[in-house]
Structures are given as structure tokens and as C-alpha cells.
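Me: Please take a close look at one part of this predicted model. I would like to know about the nonpolar core and what surrounds it.

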Amino acid sequence: MSPVGAGPGFGDAGEADEPAPGLSVSQLAERTGVGVPSIHHYRRLGLLPAPRQVAPNRFLYDQRHVEALQVIRVLRERRGLSLAVIRELLPGLLSAGDSGAPAGSRLDAVLAEAAAGESEQDEVRLRLLEAARGAFGSRGYEAVNVEELCQEAGIAKGSFYRYFASKDAVFVAAVASVPALVAARLSAGQLSAGQVGRGADLAAALRDALSPVVPLLLEAALRAGQGAAGAPVVRHVLEELAEVVEREEGGAGRGRELVRAAVLGEVAELLGFGSVEAAPRGT
């Protein structure tokens, strides 16, 4: 048995569990639908076990990484969980524990739970996130308090701490929920590679989807500049947004370009400088 590095609670991995020759990071990204930047980001956060190093600049991944990334993607996109929460849940979901259940069945159980719909607690959490996105985006972090978020979400103030540890925690979670929200808005508009293709249609749809949350992203960026806790989430949100666009565009490689143009276009409009020609708003 050889020890697995990095990720918390991943235990040991038997040599028989590691397929040869393994997957490169690009192959892992292709198999899981998770972009290479996000894979590296998850590794840095300790969400993934360490890959097997076979050369100074070459690492190989295996089925453990595939399963972990699939679960992370489900929990992010379908359950709207923050990476901090996922980091706490993931080792238990991927560990056989006392049951000895195979990894495939554990993953199937997670997928089935996600597909079964949101529980009452999930719905309350989502209402709090919706209230937080609107309040923090429109008035800024300092002007918002927990009590008004609870009023907007329709819950008692004392119940807030069942879902989030603090005002800062709900702010970070609200920012982290932006990629899943944008993906849902694009999907609701039936914007896919087969229906829209590339070009101005997708750029305009992206700006429409981003428009309500750009003030929130700006507030997060300002707090990042001030060294606020949780500030690194901004960079990860932009990386995830680029991945969302990549999927919508069918892997054309323009995710970062379109996200950059859409965000800059919205910022310019907010500042009264007009729109950016590269990413027109939908009409």
C-alpha cells in the first residue's frame, strides 16, 4: 500500500487501484468536464489526492481523481455548495469507511441524492444565497446585516447560523454560487453549442446572465484588494465561468475571452462608459 498525498482523509491507495499508465491532466479534464485550471485549484485546496509524479514536470492521475472531480462538479452545479463545505464532505463521500462500498456505488449514491431534488434545508440555504447576492451586490458588504438577509429569505435570525457561520461566510458562498447561477440561466435559455453555436449570440446571452451579479463580483474584487478573508474565491469564480462558456460553445477555446469581454462590458456600462463592442447585450 502506498500513501496518497495532499487531500485530507483520502487514506491509502493500493497499487492495484492505479491504472497504468494513468491520465494526464488534460485527459482528466476531458473525461470529467472540469477545466485544467480548476483541477489545479482543487489540488491546491486539498480537495484531490496528490497525482503520481513520473517525471520532473509530469504527473499522472487515476480513477480516484475522476471520482472526486465528478462528485465536486455535482455538489457545485446541482447543490450550489461552496468549496469550503465540499472540502468537509468529500473525504466521507469518497471513503469506503465501515461499509466497504465500492467507489462506483458511493458516487452513484451522491448523484442520486443530487437528482432527487433539494431538501427543505437546501431550499432555505438557496433563499439565503439569493438574498445575499442581491443585497451585497446592490448595497455593498458593509451596509448589509444578517437580520435583513434572514427577513428577505423568510427565516428567523437565529436559524441563520444553521446554514452559515457568519456574514462573511454567506458573502463568500454567494460569490461562489455565481457560476452555477449563470450556467442555469444559459441552460434555461436553451443556449447550447448545437442550438446557438459561436459568436455574438452566446456573447449577448452571457452578458444578460452576468448582468445581475456583476455588482456582486465587483464588491468581491474590492474586498480582495483589501485583503478580506475568502478573497481568492473571485479568481476561481472567473475560471469556472470560463468553463461554463466553454461547455456552451462546444469547446471552442474562447471561454476566458468571452467572460472577460462580458464582465468588462458590464463594468463599463455601470460606470457610464457605454458597452464593449466585443460583447453586446441581448435585446
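Reply: Start with a term. A nonpolar core is a set of buried Ala, Val, Leu, Ile, Met, Phe, Trp, Tyr and Cys residues joined through side-chain atoms within 4.5 Å. Buried here means under 20% relative accessible area.

In this predicted model, the largest such core has 52 residues. Phe136 and Leu210 have the most contacts inside the core. Helix 6 (120-139), helix 7 (146-153), helix 8 (167-176) and helix 9 (178-188) each give at least two residues. So do helix 10 (200-210), helix 11 (214-225), helix 12 (233-248) and helix 13 (255-270). In soluble globular proteins, nonpolar side chains tend to be buried together.

Now look at Leu210. Leaving out residues up to four places away in sequence, Leu210 touches Val182, Leu241, Ala262 and Val263.

In helix 12, 12 of the 16 residues are buried, so the helix is largely enclosed by the rest of the structure. At 1.5 Å a residue, its 16 residues should span 22 Å, and the end C-alpha atoms are 23 Å apart, which agrees.

Elsewhere, strand 3 (residues 52-55) and strand 4 (residues 58-60) run antiparallel, joined by 3 bridges. Arg52 has Leu60 of strand 4 as its bridge partner. A hairpin of 2 residues links the two strands.

How values were computed:
Residues are numbered from 1 along each chain as its sequence is written. This is a predicted model: local features need pLDDT of at least 70, side-chain atom pairs count only at pLDDT 80 or more; totals for chains, interfaces and linings use all residues. Side-chain values use heavy atoms; hydrogens and water are left out. Buried means under 20% relative accessible area, exposed over 50%, partly exposed in between (1.4 Å probe, protein chains only). Helices (H or I, at least four residues) and strands (E, at least two) are DSSP runs, numbered from the N terminus. Contact means heavy atoms within 4.5 Å. Two strands pair if DSSP finds at least two bridges between them. The expected span of a helix is 1.5 Å times one less than its number of residues.
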